[in-house]
Amino acid sequence: MADINAYILDMWSLVESGDKQGYFFFIALYLLLVCGYSLIHQLNILKWPSVKGKLQKADVSKCGGSETGPSSQLFKASILYSYQVNNQSYKGHRLSPWLVLASYNAKQLLNTQISAIQHNEDTSVKVFYNPNNPNKSFLIKPNQLGLLITLLLAICPIILYCLSFF
């Protein structure tokens, strides 16, 4: 443990002196921690149960303030749905664990994401909710591609760091 602490202090000294190795180390460590937490959270979401819900709104809307031109404007999926768990009513607004913001030219990606909502035969939608806190819900569970991307974002910087500096 003392070796790890000494290494971290050495890397901090490199940051203070402006050396790229120190910056690279802390960026890789940050991504490992953040993406590692995200991966664990996504794996937990895969275990969430589902109920039928009613979709009230699913479209793409502008995000943020007004910009000078359409190409600099960001868009997000605007979702609203209602559902019940144990006779308690809830409203949800989260489409998936991945918050996607898209430019004007890429906003079709948001429509593609919205089209992944699972509709039932009776026009209801499948709502996945946290059994420990039913107020938290999504309409789309994480998929294998999203899990893989998160894993790669977590480990690739560390691997690149090791390949570059060892």
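**Reading helix packing and surface features**

Tutor: Helix α1 crosses α2 in a left-handed sense. Please keep in mind that this is a predicted model.

Student: At what angle do α1 and α2 pack?

Tutor: The angle between helix α1 (residues 2–16) and α2 is about 125 degrees, and their axes lie 7 Å apart. The helix α1 is therefore oblique to α2.

Student: How is the pair α2 and α4 to be described, as roughly parallel or roughly antiparallel?

Tutor: The general rule is that angles over 145 degrees count as roughly antiparallel. Here, helix α2 (residues 20–45) and helix α4 (residues 144–165) cross at roughly 155 degrees, and their axes come within 8 Å. The two helices, α2 and α4, are therefore roughly antiparallel to each other. The crossing of α2 past α4 is left-handed.

Student: Which classes of residue make up the contact of α2 with α4?

Tutor: That contact has 18 nonpolar and 7 polar residues, with no charged residues.

Student: How many salt bridges does the structure hold?

Tutor: A salt bridge is counted when a side-chain nitrogen of Lys or Arg is within 4 Å of a carboxyl oxygen of Asp or Glu. The structure holds 1 salt bridge. Asp-122 pairs with Lys-52, and their closest N and O atoms are 3.1 Å apart. This pair links distant parts of the chain, 70 residues apart: Asp-122 is in the loop between α3 (108–114) and β5 (125–130), and Lys-52 is in strand β1 (residues 50–63).

Note on methods
Residues numbered from 1 in each chain as written. Predicted model: local features only at pLDDT ≥ 70, side-chain atom pairs only at ≥ 80, totals over all residues. Heavy atoms only, no water. Axes fitted to C-alpha atoms, helices over the stretch in contact; angles between N-to-C directions. Helix = DSSP H or I, 4+ residues; strand = E, 2+ residues; numbered from the N terminus. Parallel < 35°, antiparallel > 145°, perpendicular 65-115°, else oblique. Left-handed = near helix turned anticlockwise from the far one by under 90°. Nonpolar A, V, L, I, M, F, W, Y, C, P; charged D, E, K, R; others polar.
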